[in-house]
Amino acid sequence: MSTDAIVLLKEDHKEMRRLFREFEKAQEGPEGPASRRRKLVDEIVAALTTHTYLENEVMYPEVRKLVPDLEDDILESYEEHHVADVLCAELAAMDASDDHFVAKTTVLIENVEHHIEEEEQEWFPKVREALGRNPLQEIGERMIALRPDAPRSPSDPKAIKSARHAITA
Ligand SMILES: [Fe+2]
Ligand SMILES: [Fe+2]
């Protein structure tokens, strides 16, 4: 198994995209009950909370330190994470039968897909070029080590603290 940070983050992105497609399918026809949407949104929120935490705590600060030229990209990414955090926290607290539930999830999916796209198409190639193999493996190893302790819920104090730090760091 690769420990390359970019490979690991892309695996997370792939799983998120899978969940997003599942949610979209759950909108179609009678097989789209609120309980199914609830389950999928809970999975999306948990996956995003963990992923954002690992990026905020390890990947972004490490790259920021090692590649100062990428500062602006990282600041923009922190703000994009913040928008997703707000929507995740609201969805976690919202009833799945609420009129706004699907609309809010759709906006979350659109925002995260845009963010993932930018990371994969623009940011990761720059990071790989600037850092090379060994530093990316070290960063990946740190993310693997932190993952079991990473929050799964937006109301976890660890997630709140990390998110707050990300937009003021
Ligand atoms: Fe990100
Ligand atoms: Fe990401």
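Modeller: Helices here are DSSP runs of H or I with at least four residues, numbered from the N terminus. The model is predicted. On that numbering, the lining of the largest pocket draws at least two residues from each of α2 (34–66), α3 (71–93) and α6 (157–166). The biggest share comes from α3, which gives six residues.

The volume of this pocket is about 330 Å³. Its lining has 19 residues, and Asp85, Pro154, Ala159, Ile160 and Ala163 are the ones closest to the centre. Sorted by class, the lining comprises ten nonpolar, seven polar and two charged residues.

Now to the nonpolar packing. In soluble globular proteins, nonpolar side chains tend to be buried together. In this model the largest nonpolar core has 23 residues, and the most contacts inside this core belong to Met59, Val63, Trp123, Val127, Leu131, Leu136 and Met143. At least two residues of the core come from each of α1 (5–25), α2, α3, α4 (101–131) and α5 (133–146). Here α2 is the main contributor, with six residues.

Val127 shows the packing at the level of one residue. Leaving aside residues up to four places away in sequence, Val127 touches Ile6, Met59, Val63, Leu70, Gly132 and Leu136. Another core lies apart from the largest one and has 22 residues, including Leu40, Val41, Ala84 and Cys88.

Terms used: Residues numbered from 1 in each chain as written. Chains lettered and ligands numbered in written order. Predicted model: local features only at pLDDT ≥ 70, side-chain atom pairs only at ≥ 80, totals over all residues. Heavy atoms only, no water. 1 Å grid on protein atoms, 1.4 Å probe; cavity = no way out; pocket = protein on both sides within 12 Å on 5 of 7 lines; lining within 4 Å. Points joined across faces, edges and corners; volume = space filled by probe spheres on them. Nonpolar A, V, L, I, M, F, W, Y, C, P; charged D, E, K, R; others polar. Core = buried A, V, L, I, M, F, W, Y, C linked by side-chain atoms within 4.5 Å. Buried < 20%, exposed > 50% of the residue type's maximum accessible area, 1.4 Å probe, protein only. Contact = heavy atoms within 4.5 Å.
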